[in-house]
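Here is a short briefing to read alongside the model. Take a look at the sequence and the fold, and then walk through the sheet and the disulfides with me.

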Amino acid sequence: MVNSNVIRGGGLIVLAGCYLGVERVFTNNVVNDATETYISLIGAGRGSMYNTCTGESKTLQKLTSVNLADKAATDLKYNFYNIDNPKAYLGGSDAVVVEQGPYNLRKYSVAYDVAQTPSSLTASDPDPKGALEYSTANAYLILDQDVKATSNLKRNGDLSLAFSDSKVTHPETKRALASHLSMMDSVVNFSPDYLSLLGAMNDEVNMILSLACTSDQIANIGVAGKGQCGDISAINCACCMMDDEYTLATSRNTGVPPEFTNCNSYFDDEGPILSKLSLLASHDGGVAVKSAGEKKYDGSGNDFTATSFGQTEIHTALIQSHTINDLMFGYPSAYLGSVAFHAQMYQALSSTELAKSMLTGQKDADLSFKLGNIAEYTSKVGSVCFATCLEGGDCSGQAPGRYETSDVDKIKLGGIECKPYTSTFETVAKCTAINTALQVDLAAPGYEACVCANGSDEWSSQGCCLAGGKQNGSYLTGEGCLFEVAGVVDPNYAGMDTSIANAVDLGTALQSWIDVEVSSPSSEFMCPASGAGLDEHGNFGYYESYDGSKEHVTYYHTGNDRMRQDDVANSASTEYSTSVTGGSGKYFSPKGLTAKVGTSQISDGYPKKIPHPVYVPSAKKSIDFVFEGVREKFVRNKICGTDTCIVSARLRPNATSFHISENGNDGTGMPFDGLQTVGHVSGPSTTGRPEYFHQPLYFDGDETLYTQQDSSYAETADGNGIKIYRPTTASDPSAFNPSAPGSNYQLVDKAYVDSQNEVIQSHIDIEVGSGLGARQRMRFGTSYSIWECDPSTNEKCKVAVNSKGANDCYTTTGSTLFDAVVTADKNDLTTLGRSDFTYPCSAANLLTPHVVGGKILPMYWYEESTIHATADEIDVLAAYAASYNQSGINFILAFGLAFVAAFLGVSMLMLCLCFEQKHSFMSKTEGTKTETTTTKSSVA
């Protein structure tokens, strides 16, 4: 029989062996592996495995890579909005806007002027390479055709750029634009830069008066004791006399008019000013707002026949038609080139040199509307548009496409509409006539030789922007000048590769950007301090500066719920600035190893329960992204490498990101939830413009944004709102006719938008453990409105009064202002039928007085899709997950074997104990049974 002590000892040894075996497997294969994985994920205490602390950093190499063949590009889609009924809208009807697109681009970007600098976000002893500073150059492929591209940039050891000796040809990129769409498609909508000019001039009436008078002379209109100015140089006098005052004075003087100019004389449709403005607006694609037979603007009651240039329609620059190409990449404006200069130029009439300095951008610091170097720009437009001009006629058609040339300036202007150049081409005939007159008589009265502002003699060939010249007594200063309107994308220098047939040279395009565009460096925090659990690790990947600044002014607030022309200059305004913060969407704070042992993941897929700020350049602020939450049936979001997928989390903008909030961080919706004002610091004027930033189709916005019928703030009846339509098919939706049976257009309302959140809302997919931003689709939009012009708060708007009740708005204010008129004048005005003071409904207060300001119309929205994580990076994470999974399997296997061994050990112990007890008991029992049996046998 086996000794019980031996069995007991064997059981104890088995249990001890099980413990040591499980402990060793758990330590080596689970704890150590998990620790190694965790350290890898958080970068050995530097906040992320993706830090750029060393020169061998793969992340540094990735961020500074110029290998465009392997580097992921950014795909862009732009959807524009076309105002289908511009004349009716400007006349007071609802605007019908129709979504059009998407129009596809592919963006290639490289960093230049790269440097590693100390960071302000790190510890007191900052790493000298804490931040990565760089500027970005962009080039765009237009995906309206199959296109082949080349590049030959290389990165030197000191991170500078150079050209390599050999070019790399990229795989052909296929057309992505739908077959029914073209870059030459036209879109009718607001001219944002015209809105900037309106803001700088306050309104249309004051802008027109500024073409004949100085700002001081205009301010003296209606001021007692101010006489009529004799010329533009006169001071302490008035530009003109308002029509009511002029009519009243004439009536009191037995029909003899006063020694004054009636302000309404400047508003004659057939006069020199409006005729010129209409012509220039038509060159720019401005829509017609009046036809022959309608009443004139001057209050005479006469019918309009034709302008002095023979036009039978009046055109406005407020709403214009432009091609997609021009809207994306920029275009010339004859209207702004002339009017923006003339409205600010009267000090330059007597000085050609001063005019030159204005027209070459040297005086921009002193101007409320910045002109830039329009002299040089005009000459460049001439180089691509002169060939489209007909002698004695207009210029028409498009410039050569950017893929047809390798000239940098011509590439930038590729495909632009050349109609605006007509005004420049006209200077050839005018200057030639002047030259002819001066050849006969050098002192010919009323004639002065033409002077091109760029110092050339192009007036004799293709025409130019004139800084001097006089023809038959009329100054030509500022004639022929073209203003450069920026596109909604960027300048694009991607043109023809001269060394390879039918290819686009991306390398030269990016170098051209670097050579031409102003460097605006940004800085990202990419090397946190060593250690564990440091707060600064949560800021990894944050911007410290963007576009050359650590903070940006976002808006000015005066306490009003709507933008006003004087917001920026008003002493009562509060300037709100937002510090640059938040990441680019590439990297987030890592959560580390959180998955359960034995799973093939490294995280549970749930990010930290905190807002994740992402800096959005269009908004000049960061927007909080938050976890979208658990999906239906617990379906997990995934990102995939070469052949393995791992779980990720999807972040979306916080639902309240675009809600009204009058503070320095968020700005104000003014007056709706669903959008943010960004216009105070947009465009070429110091006053800004009514521009708004939002999610596509005002997602998460107020329901009233889709109708905007309330006009009570303008003291008029409701209406002049908006109806938004979008196609219901990706193929050709056919002509817009929403009431037709089977129409392919959907009226947009809040319920519809809420149902489309998956395709219109931004999102970022991140791997939670490492903090890697794998991919993102940023979707945002831009809208505009017309400036308001409330005479109760804006003194300049009073000049546009109509005392015969012909206007629709500010009727209550009009009654108050009429009541304030002295009794004698009030009585006489009543007798003359001029007692019903009304005002136009917006700052577009002459040509279109019935359109209500403040109604917000969408211009465009875009989708920017970027894949940040390469398949190799995801493969690394998948390998960590596989290793962690194998560790778990090893542990589970060891635990299972240990459980069996432990079971045997325990069984042996129990057997030993039970055997001893059973032997003693059984002995007694067996003895009893034997005795009993023996007795019975004996008896038997």
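Two strands pair if DSSP finds at least two bridges between them, and helices (H or I, at least four residues) and strands (E, at least two) are DSSP runs numbered from the N terminus. In that sense, β6 and β8 (residues 313–323) form an antiparallel pair over 5 bridges. This is a predicted model, where local features need pLDDT of at least 70 and side-chain atom pairs count only at pLDDT 80 or more, while totals for chains, interfaces and linings use all residues. Residues are numbered from 1 along each chain as its sequence is written, and side-chain values use heavy atoms, with hydrogens and water left out.

**The sheet and its helix**

- Three strands make an open sheet in the order β6-β8-β7, with antiparallel pairing.
- Its edge strands are β6 (186–190) and β7 (286–291), each of which pairs on one side only.
- From one strand to the next, the twist averages 40°; axes here are lines fitted to C-alpha atoms, for helices over the stretch in contact, and angles run from 0 to 180 degrees between N-to-C directions.
- Across from F190 you will find I319 in β8.
- Helix α8 (residues 272–283) lies across β7 and β8, at about 20° to β8, with contact meaning heavy atoms within 4.5 Å.

**Disulfides**

- The structure holds 12 disulfides, each being a pair of cysteine sulfur atoms within 2.5 Å.
- One of them joins C213 to C239, with an S to S distance of 1.9 Å; this link is right-handed, with 60° about the S-S bond.
- C213 sits in the loop between α5 (204–210) and α6 (215–219) and C239 in the loop between α6 and α7 (243–252), so that the pair links distant parts of the chain, 26 residues apart.
- The sulfur atoms of C229 and C237 are 1.9 Å apart in another disulfide, right-handed with 105° about the S-S bond.
- C465 and C481 are also joined, with their sulfur atoms 2.0 Å apart, and this link is right-handed at 80°.
- Because C465 lies in the loop between β10 (448–452) and β11 (466–471) and C481 in the loop between β12 (474–475) and β13 (483–485), the pair ties together parts 16 residues apart in sequence.

**Burial of the cysteines**

- Buried means under 20% relative accessible area, exposed over 50%, and partly exposed in between (1.4 Å probe, protein chains only).
- C213 is buried at 4%, and C239 is buried at 2%.
- C229 counts as buried at 11%, as does C237 at 6%.
- C465 and C481 are both buried.
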